[in-house]
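Hello,

Here is the structure you are taking over.

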Amino acid sequence: MTLESPSVLTIAGSDSSGGAGIQADLKTFTVHRCYGASVTTALTAQNTAGVQAVLGVPPDFVKQQMNSVLDDIDIKAIKTGMLFDTENTKAVAQTLKGHFDAKGHVPLICDPVCVSTSGHALLHPDALDVLIDELFPLSDLITPNKAEAELLLKQRNLPSRIANLQDMIDAARQLRTLGPQAVLLKGGHCVVSLGDLVNVSSDDAHVVRDDLLDENSNILRIHGRNEHHSDSLVVDVLCASDSHITIFARTRIQSTSTHGTGCTLSAALVCQLARGTSLSEAVRLATAYTHNGIETAIPIGSGFGPLNHIHSITPRLVSPRTKTNPYPLTSSLIRSSRVIWKEYVQHEFVVLLGKGTLPKENFLHFIKQDYLYLKYYARAYAQVVGSSPLPLLAAKSHAYAPISAAIDVVLSIVQESSMHMGYCAEWGITEDELINTPESPTLTAYGAFLIDTGMQGDSMKLVVALAACLLGYGEVGLWLKEEARAPDSWVQWEGNPYLKWMEDYSGDVYQKAVKAGLETLESRAAADAPSPIRFADWQHVWERCTQLEKGFWDMAMNLD
């Protein structure tokens with residue numbers, strides 16, 4: 001087998017219900033394109049409600065299984081799970097040491113399985129010392145959960161109470177003194193908030209916010225996730241060989257489909273290490289796989305059901321929509337263009353407007369050009385269906401939801417045009433002057449890009465292009481509104497000469513159109529999964545339109 005499909009080994013117990021143990025490991029190996037071998041240490045009679053009985057495999061037979069595999073197959077990485085008792089733990093540790101001495105070390109992950117999710121003991125208490133003294137020194141990584149970490153620390157008379165994020169960091173460092181090269185302390189049973197992450201010193205730890213919303217993502221937070229849900233996190237703490245701490249933070253999922261989570265995570269880690277992936281990146285990828293397995297699981301059984309191990313078997317460039325990530329395409333587009341997106345949302349024009357110090361002539365120049373831009377926007381939205389008042393995404397739909405969403409966006413264009421005429425009237429600009437304003441080169445370039453994109457035949461590409469404007473202005477409005485609420489805010493809300501503009505773009509009417517636009521974008525992507533080339537086109541169009549939007553602010557600041 002090559003590194004494209006490396007051979008890996010699990011040494012663990014059997015789960016008759018298929019959700020944990022070697023059954024979960026082998027499923028995980030397969031979807032990660034690894035060849036999986038297994039050594040069974042114990043048989044369990046269990047289901048989603050609990051463990052009813054356990055039968056240990058004789059240690060000599062455990063050794064025989066290991067030797068049969070290791071003597072024949074070129075194993076690139078190994079994990080251990082449930083080892084059952086002292087004699088089996090000794091047998092595993094001694095056989096691995098002999099193999100490593102003879103053939104060289106390969107990555108070894110020890111998942112110190114002690115207690116099942118339902119509370120059933122899966123490792124005899126007197127086996128803990130053997131685990132620590134003989135197996136940990138061979139291990140590249142150990143992956144205890146909160147209860148297992150406290151048990152291991154208590155066994156060596158070390159501080160063992162884990163109640164918060166700082167306790168997790170301290171415990172991970174203490175656990176590394178027990179012999180392993182690195183420790184991943186799993187935080188599924190610890191309560192951590194976004195505020196706890198903010199309080200972590202950057203000198204002490206690096207935080208990987210893999211599925212958390214980035215800066216300037218208010219449209220996703222407000223329209224897709226409620227505050228309470230997004231504030232509750234699951235964090236896993238990695239203490240590497242140099243004692244550096246990396247915290248992997250993800251949104252907590254309220255689910256009972258968590259049976260076999262630890263087995264699945266360590267199995268995914270083994271697959272990454274077998275390919276030579278760095279430890280930190282391996283943890284990031286493995287935690288993402290496990291998180292998605294929980295979130296996409298269907299209920300099985302009457303208790304704690306299994307994960308969906310095969311969610312990644314069909315590669316997707318756009319993740320499936322879930323409760324904690326209802327807008328995966330938009331989130332991906334914003335992440336991929338985060339630098340230019342921030343320059344767009346937090347542009348000097350926007351900041352001065354928020355302060356109320358933007359020169360009047362700059363604002364009027366912008367408003368007149370933006371009014372003309374809306375004509376391009378409306379034409380682009382309708383051009384692929386000729387004279388139809390609805391865009392293609394509505395015209396081709398057989399469901400009411402996308403048609404309604406499309407109508408909302410079209411109505412928002414009409415509403416926005418009226419808004420602009422209202423602004424201009426307040427500032428003494430007549431309708432005739434507004435209509436006859438010459439186009440700036442910046443506007444002509446932007447409008448031509450939209451029309452050209454619509455002529456290319458991929459209506460989804462046009463939807464992405466138009467979304468950069470629709471969603472961007474919604475984000476600007478929400479950003480100014482959020483900043484205005486901060487203590488000693490730099491945003492002047494009351495008395496700001498541009499208050500109506502800020503209220504309009506942060507208000508319910510425009511934000512309704514933003515939500516409709518998000519729904520349109522995501523439902524289209526879900527119904528028509530892109531190829532890699534097509535997805536790259538979407539990313540290019542989004543980034544180009546974001547650059548053009550920033551260029552529009554630049555134009556407003558440069559009256560020359």
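Predicted model: local features only at pLDDT ≥ 70, side-chain atom pairs only at ≥ 80, totals over all residues.

Residues are numbered from 1 along each chain as its sequence is written, and side-chain values use heavy atoms, with hydrogens and water left out.

Cysteines. The search of the whole structure found zero disulfides (a disulfide is a pair of cysteine sulfur atoms within 2.5 Å). For Cys110, the closest cysteine sulfur is that of Cys114, and at 8.8 Å it is too far for a bond. Cys110 is buried at 1% relative accessibility (buried means under 20% relative accessible area, with a 1.4 Å probe and protein chains only). Cys263 is also buried, at 16%.

Helix H2. Helices are DSSP runs of H or I with at least four residues, strands are runs of E with at least two, and both are numbered from the N terminus. In H2, the buried residues are Val62, Gln65, Met66, Val69 and Leu70. Seen down the axis of H2, they fall within an arc of 120 degrees (taken from the directions from the helix axis to the C-beta atoms), so they line one face of the helix. Their cover includes strands S1 (7-15), S2 (35-47) and S4 (75-80), and helix H3 (86-103); contact means heavy atoms within 4.5 Å.

Asn88. This residue sits in helix H3 and is buried, at 0% relative accessibility. Not counting residues up to four places away in sequence, Asn88 touches Thr41, Val57, Pro58, Pro59, Val62 and Leu83.

Regards

Key: Buried < 20%, exposed > 50% of the residue type's maximum accessible area, 1.4 Å probe, protein only.
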